[in-house]
Protein chains: 2
Amino acid sequence: MSEDWAGSLDLHVDLQSGGGRRAGLERAVREAIRDGRLRPGDRVPSTRALARDLGLARGTVAEAYAQLGAEGYLQARPGAPTRVAGGVALGDGMARGGEAWSGGAQSAFAAPPEPRLSLRPGVPDVGAFPRSAWVAALRRSLQSAPDAALGPGDPRGRPELRAALAAYLGRARGVLADPERIVICAGFTEGLALLCRVLRGTGALAMEDPCFAAHRDIAHAAGLRVAPLAVDAHGAIPEIPQDVAAVNLTPSHQFPLGGTLAPERRSAFVAWAREHGTLVIEDDYDGEFRYDRQPAGALQGLDPERVVYAGTASKTLAPALRLGWLVLPDRLLEPVLAAKLNSTPALEQLALAELLAGGGYDRHVRRMRQRYRRRRDSLLARLGGRRTLGIAAGLHVVVEVDSEAEVLARAATNDLALESLQRYWHRDARFQGLVIGYAAPPEHAFAAALDTLADVLGIT
Amino acid sequence: MSEDWAGSLDLHVDLQSGGGRRAGLERAVREAIRDGRLRPGDRVPSTRALARDLGLARGTVAEAYAQLGAEGYLQARPGAPTRVAGGVALGDGMARGGEAWSGGAQSAFAAPPEPRLSLRPGVPDVGAFPRSAWVAALRRSLQSAPDAALGPGDPRGRPELRAALAAYLGRARGVLADPERIVICAGFTEGLALLCRVLRGTGALAMEDPCFAAHRDIAHAAGLRVAPLAVDAHGAIPEIPQDVAAVNLTPSHQFPLGGTLAPERRSAFVAWAREHGTLVIEDDYDGEFRYDRQPAGALQGLDPERVVYAGTASKTLAPALRLGWLVLPDRLLEPVLAAKLNSTPALEQLALAELLAGGGYDRHVRRMRQRYRRRRDSLLARLGGRRTLGIAAGLHVVVEVDSEAEVLARAATNDLALESLQRYWHRDARFQGLVIGYAAPPEHAFAAALDTLADVLGIT
């Protein structure tokens, strides 16, 4: 009987594989139960019979049964035969065999094939990420980091990075950055989510219209109401509804329309926050990339108690790092940390601190600034007389088009990924346009991307 | 006048420092405004006068004024003198000078001095973190990673890591892990927070009583009601209230009481989930560390459509990595990803994938298993006849004491950090005890920590 049992069940006991004979037997029985060859209530052979059939010591089989019992697969009762436990059964749609278990998830979540070329906004040229310099920075910083850097750590983030950022942000962006008031977070995304959680219940969040749609989603997910803030060529217009508790701005380079916030508006937003006891969130997402002149310093410098400065390494280095930072007014430090249930991974913080302190970050930003400036010039030249919006800054340009839908359709047939303004507007679209991210392609594909764009736009 | 202005204001224009003369002048004026030497409405000297005073070209001063105007510090009107803008003023408590700006935050958030020795639970011996192997794994994986690994990427996490984990978890923990259903998250903390957000509105979350208090806090923060689940020496008791939508369990090693979930209870929880269409969350926080026998395989293997498997590298490698993983039932994949607004940093995922695939992870776990087993033996020996709770597994032991408060007070005076059971209970404490984490100290301090513990407990 027992021989039949093992034979008919195709009980593969691979005694060569890892973990030895006992583990091999356990694996084989588990698999037989999982794929339905053994069913709940089925008797399994006695340890003696199975040991003889498989040429194993009886003790080995007994141990395997005990293990499978402890795991809930088998049920042994004194004086009764061991059976497959009642609790074990697999749901519908379960494929046969361990390896084959994939089912519907693969098809549902397999990314659609990416177009060959992309001019989508929001990402830098990750092909230029300084891989060797990053690994070297991590190695150097790990050599001197204390053991505590590997433990749970300060919820604000590593002190090495907060100190390096305070120096950098003061020097490069005019931020009044005390390391004690910096909180390192998983990109601007987490930073905004934390602020939204803190703001919940105090009023609406005013966001530029148009703005990056995912940021609006974050505010909604936190339960905040979003009030639209009209935008023109000089940035957001400081006409703020009554019930607004905070304003989210992109002062150095409005995303996506590309204006820089006019000086009197900078003052007006700060004055509003001071007068009403409210808050300005300054999303300085590409403050490092200005091509025609020195970038305007951060708004935060005007009043660090009313302006939260938010920066990120997603545009200067790579989105995959998920590294961002908030420079907070004193009164917001405790609430933000209370909302932050999870600290930010520490090793990348050490590497970035080392890169900042050793000058490698500045070198990389300078190199990328030259590259993006060159790309912007090429793009504008290739667009000929087409009207574009935005100052000479950042990683994107807005081009007006007659029909977003038609352009996107033509781009798709030409294997080019483009993004339209559509989702950026809060209310009705004021015009149709594309948000062209000229940083997205790797260097070798940039010319081809421009040629395809020109084709798609009917520029000869 | 202008000479006086610069002189009386102590306008330090450091022409040697970074950014050149113009940047130096801008910095000096900004600082003068910030620390109140220049006030809103104050006239600033004409560009001609200031250029003469400072020995600068007039164009340089004009550019600096234009920059300061763009930043909102100065206000220039055609035909009128340039003045300090009305919007600029610093809040109360602002220290003088850029560098000195720290104020209250430092004192409020400076961590209290850490005790010299620690036997707190929840952390591994981070002194044993394989720093060189980690850097080498990152270097190797970055050499072959596609550029896309540095972009925004798959919200589930890097495919390299999901594939390596699926193989590892199947082999080491008996998990039915399809890479397509794995979601990499920032430690178990984020994994639990995501599940709680998905569960919101469907019913209560039952959690073991006692359990890790921070996990209860996460459920509460997500707006979930928490129902206590009684625990004895054989793990959680499967008596589940009516309105419970999910049960959070630590089957391989109950935290903190240290039992392993009895086989019939494993089946009972799975049967409950199947019968009621509910969910079991399996927190396999230290499934790799069993010292007396092969660890029980994961509960998830009994029914992958009803059990979420949750694992973490926080105990095997380091909490600072913030790397954890969920193996999800098909139907939960989309809702969990919808709740996950932020993807997990990618570079550490690449390094961990390389460490898993190359065998370095297994080697490290084996080495640490030996170390912790030795430490557990030493601890039990040092405790003499004191009654301890828990199987030979994991990184902690519970010791009953007469008075937690007295023991903690004695520990504090002996510079030893200890944790009591107090916050772990949902309801009244059933007894007083310590949760001793024998993994916390670095190797060189372990003996001293044990000696101090023995002193504190009055063991001679």
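Visitor: Where does Pro210(B) lie in chain B?

Guide: This is a predicted model, and in it Pro210(B) sits in the loop between β5 (204–209) and α9 (213–221) of chain B.

Visitor: What kind of peptide bond joins Asp209(B) and Pro210(B)?

Guide: Start with the general idea: most peptide bonds are trans. Here the bond joining Asp209(B) and Pro210(B) is cis, and omega is about 10 degrees. Turn to chain A and you find a cis bond from Asp209(A) to Pro210(A), with omega near 10 degrees. Pro210(A) is placed in the loop between β5 (204–209) and α9 (213–221) of chain A.

Visitor: Now phi, please. What is the phi of Arg322(A)?

Guide: As a rule, most residues other than glycine have a negative phi. Arg322(A) has a positive value, near 50 degrees. You can find Arg322(A) in the loop between β10 (307–312) and β11 (324–327) of chain A.

Visitor: Is Arg322(A) buried or exposed?

Guide: To judge that, look at the relative accessible area: buried means under 20%. Arg322(A) has a relative accessibility of 9%, so Arg322(A) counts as buried.

Visitor: And what is the phi of Asp415(A)?

Guide: The phi of Asp415(A) is near 65 degrees, again a positive value in a residue other than glycine. Asp415(A) belongs to the loop between α14 (404–413) and β14 (416–417) of chain A. With a relative accessible area of 34%, Asp415(A) is partly exposed.

Visitor: Let me try strands. In what order do the three strands of the open sheet in chain B run?

Guide: The order is β12-β13-β15, and the pairing is antiparallel. At the edges stand β12 (388–389) and β15 of chain B, each with a single partner strand, so one side of each has no neighbour in the sheet.

Visitor: How many bridges join the strands, and which residues face each other?

Guide: Two bridges join β12(B) to β13(B), while β13 (residues 396–400) of chain B and β15(B) pair over five bridges. Leu389(B) stands opposite Val398(B) in β13(B), and in β15(B) the bridge partner of Val398(B) is Val435(B).

Visitor: Which way do the residues of β15(B) point?

Guide: In a regular strand the side chains alternate between the two faces of the sheet. In β15(B), Gly433(B), Val435(B) and Gly437(B) point one way, and Leu434(B) and Ile436(B) point the other way. Five of the five residues of β15(B) are buried, so the strand is mostly covered.

Visitor: What packs against β15(B)?

Guide: One of the elements to look at is helix α15 (residues 446–456) of chain B. Its buried residues include Phe446(B), Leu450(B), Leu453(B) and Val456(B). The buried residues of α15(B) pack against β15 (433–437) of chain B, and also against β3 (117–118), α13 (360–382), α14 (404–413) and β14 (416–417) of that chain. Just after α15(B), Gly458(B) takes a positive phi of about 70 degrees.

Visitor: What does the sheet in chain A look like?

Guide: Chain A has an open sheet of three strands in the order β12-β13-β15, with antiparallel pairing. Its edge strands are β12 (388–389) and β15 (433–437), each pairing on one side only. Five bridges link β13 (residues 396–400) of chain A to β15(A), and Val397(A) stands opposite Ile436(A) in β15(A).

Visitor: Let me zoom out. How many helices and strands are there in chain A, and why is it called spread out?

Guide: Chain A holds 15 helices and 15 strands. Its radius of gyration is 30 Å, well over the 23 Å that the globule rule gives for 460 residues, so chain A is more spread out than a compact globule. The C-alpha trace of chain A spans about 90 × 55 × 45 Å along its principal axes.

Visitor: What share of the residues in chain A is buried, and what does its surface consist of?

Guide: Buried residues make up 59% of the 460 in chain A. The chain exposes about 17,900 Å², and carbon and sulfur atoms supply 50% of that area. As for charge, chain A has 55 positive and 53 negative side chains, with the centres of the two sets 3 Å apart.

Methods
Residues are numbered from 1 along each chain as its sequence is written. Chains are lettered from A and ligands numbered from 1 in the order in which they are written. This is a predicted model: local features need pLDDT of at least 70, side-chain atom pairs count only at pLDDT 80 or more; totals for chains, interfaces and linings use all residues. Side-chain values use heavy atoms; hydrogens and water are left out. Two strands pair if DSSP finds at least two bridges between them. Helices (H or I, at least four residues) and strands (E, at least two) are DSSP runs, numbered from the N terminus. The radius of gyration is taken over C-alpha atoms; the globule rule is 2.2 Å times the number of residues to the power 0.38. Buried means under 20% relative accessible area, exposed over 50%, partly exposed in between (1.4 Å probe, protein chains only). Accessible areas come from the Shrake-Rupley method with a 1.4 Å probe; for residues, only the protein chains shown count as cover. Lys and Arg count as positive and Asp and Glu as negative; His and the chain ends are not counted. The place of a charge is taken as NZ of Lys, CZ of Arg, CG of Asp or CD of Glu. Contact means heavy atoms within 4.5 Å.
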